[in-house]
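Open the model in a viewer and follow the stops below in order. Each stop gives a selection and then what is found there.

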Amino acid sequence: MRLGPLTLIVGRNGSGKSNVLDALAVLSSLSAGLDLREALDGRDRPAVRGGSQGCAPLGTSSFKIGVAARYEGAIYQLDLRIGVEPILRVEAESLWTLRTSGPKRGERRYLLKSEPPDPYSADIVARWDNGQRGTNPPITMRADQLLTSQIATRVPQTSQPARKLLDVATSVLDALSGVFVLDPVPSQMREYVPERDSVLRRSADNLSAVVGRLIREKETGSALIDMTRSLSEAQVADMRTVRSPLGDVMAIIEERIGGRLQEVPTRLMSDGTLRFLAIAAAMHDDPTHDASENSRLLVVEELENGLHSSQSALLINRLKEAASRNVRTLATTHSPVILDSLGGADHAHVVVAARDEDGWSRLTRLTDFPNYLDVLGRSSLGRSVVTDRLRPATRERPSADQSLVELFGA
């Protein structure tokens with residue numbers, strides 16, 4: 001799946017939309033150098049549904065995952081297979097690109113490739129491309145971490161090929177470090193939080209501290225307040241924080257009600273308002289990632305949750321604007337209103353998740369459907385889904401020929 005400035009995944013419940021978001025959460029956690037147990041199972045709650053055991057397809061003991069990143073005009077692919085039973089470990093990993101010249105043009109060139117694991121060892125041996133003839137040299141790595149994240153400390157930087165390997169690995173890891181999965185939990189966002197706890201977390205439970213930091217920065221503060229005004233029915237005058245006797249902070253929106261300013265703290269805000277503020281904060285906040293090198297990828301499940309239809313459409317426009325600031329968005333949605341708010345150029349980045357005839361989840365770009373142009377010629381995309389106007393070209397093959405209505409769900 002290729003990501004655009006705004007990528008939307010649509011499909012019925014159980015079609016596999018959340019699997020894509022889980023995959024990015026796993027890769028992002030592993031890129032930070034965490035061991036597999038901490039990255040997949042977490043300390044407070046699993047990074048993905050079911051933790052490490054939930055990552056493997058039903059009836060299997062391992063799972064495969066991969067990502068591609070661009071570096072100096074070339075595409076480099078990171079592929080790995082992780083076993084979850086009997087122990088959690090990397091079973092295979094490779095970092096490769098396609099050869100562009102010579103007699104082996106089009107074949108894979110492995111910069112790093114692991115050997116079959118030893119079931120009795122906590123380590124795994126990988127070979128790296130040293131640019132010399134013959135067999136590539138082996139190096140021992142920990143099997144409970146992403147091998148690519150260990151290159152900086154395991155491969156001696158004494159040659160040009162070694163430095164190139166490190167540069168490529170760093171580029172891939174940087175791209176993954178820019179992934180931020182946001183899963184706001186409004187019930188956890190209503191309390192005072194320490195002012196220093198201002199790096200937004202996945203659940204956004206520290207929203208008040210993050211808002212406090214953002215509004216102190218003139219540019220981001222103005223943007224956050226302006227966004228809140230445009231997407232709220234309330235007459236928002238300002239936004240600030242208040243301190244508790246212990247020095248913790250709580251965010252407050254000042255609203256004009258009956259000609260007077262009234263303070264609405266987070267503990268009184270609706271779930272939809274809190275969820276919206278979390279998305280807005282994530283769009284304008286990137287304290288740990290160098291956006292000049294790689295764009296940030298904001299990942300949100302069911303983007304329209306808690307928002308009125310009119311707010312959802314406005315939010316889409318704001319997310320498009322965020323792309324100009326190097327903040328891309330990947331989100332799942334069930335909303336016809338959101339689909340109707342997209343322009344023609346946006347359709348190339350709408351991805352449909354559906355189960356094939358064997359029960360596996362597949363992703364297909366909307367514009368690759370045979371009846372795509374016919375759909376647009378008759379009605380809007382969202383309305384066509386709701387009114388059940390789309391029909392399968394064939395019912396025997398529920399794949400790319402399947403109707404969009406069956407894949408979206410009416």
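Start with Pro-86, which is placed in the loop between strand 3 (74–83) and strand 4 (89–98). The model is a predicted one. Show the backbone from Glu-85 to Pro-86: the peptide bond joining them is cis, with omega near 0 degrees. Most peptide bonds are trans, and most residues other than glycine have a negative phi.

Next, select Glu-72, in the loop between strand 2 (62–71) and strand 3. Glu-72 is not a glycine, yet its phi is positive, at about 50 degrees.

**Charges over rings**

Select Trp-96 together with Arg-108. Arg-108 lies over the face of Trp-96, and the distance from the ring centre is 3.9 Å. Then select Tyr-110 and Lys-113. Here Lys-113 lies over the face of Tyr-110, at 4.3 Å from the ring centre. Taking rings of Phe, Tyr and Trp as a pair if their centres lie within 6.5 Å, the count of aromatic pairs is one.

**Helix pairs**

The remaining stops are helix contacts. Two packed helices are described by the angle between their axes and the distance between the axes.

Select helix 1 (residues 17–31) and helix 5 (residues 160–177). Their axes come within 8 Å and cross at roughly 125 degrees. Angles from 65 to 115 degrees count as roughly perpendicular and those over 145 as roughly antiparallel, so helix 1 and helix 5 are oblique to each other. The crossing of these two helices is left-handed. To see the contact, show side chains for Leu-27, Ser-28 and Ser-31 of helix 1, which meet Leu-173, Leu-176 and Ser-177 of helix 5. Sorted by class, the contact of helix 1 with helix 5 has three nonpolar residues, three polar and no charged ones.

Move on to helix 6 (residues 207–216) and helix 8 (residues 271–284). What is the angle at which the axes of helix 6 and helix 8 cross? The angle is roughly 50 degrees, and the axes come within 10 Å. Helix 6 is therefore oblique to helix 8. The crossing of helix 6 with helix 8 is left-handed. On the helix 6 side, select Leu-207, Val-210 and Leu-214; they meet Leu-274, Leu-277, Ala-278, Ala-281 and His-284 in helix 8. By class, the contact of helix 6 with helix 8 has seven nonpolar residues, one polar and no charged residues.

The last stop is helix 7 (residues 218–231) with helix 9 (residues 309–323). These two pack at an angle of about 150 degrees, and their axes are 10 Å apart. This angle makes helix 7 roughly antiparallel to helix 9. Helix 7 passes helix 9 in a crossing that is right-handed. Select Asp-226, Met-227, Ser-230 and Leu-231 in helix 7, which meet Gln-311, Leu-314, Leu-315 and Arg-318 in helix 9. Colour these residues by class: the contact of helix 7 with helix 9 has four nonpolar, two polar and two charged residues.

Definitions and conventions. Residues numbered from 1 in each chain as written. Predicted model: local features only at pLDDT ≥ 70, side-chain atom pairs only at ≥ 80, totals over all residues. Heavy atoms only, no water. Phe/Tyr/Trp six-rings, centres within 6.5 Å; stacked < 30°, edge-to-face > 60°. Lys NZ or Arg CZ within 6 Å of the ring centre and 35° of its normal. Axes fitted to C-alpha atoms, helices over the stretch in contact; angles between N-to-C directions. Helix = DSSP H or I, 4+ residues; strand = E, 2+ residues; numbered from the N terminus. Parallel < 35°, antiparallel > 145°, perpendicular 65-115°, else oblique. Left-handed = near helix turned anticlockwise from the far one by under 90°. Contact = heavy atoms within 4.5 Å. Nonpolar A, V, L, I, M, F, W, Y, C, P; charged D, E, K, R; others polar.
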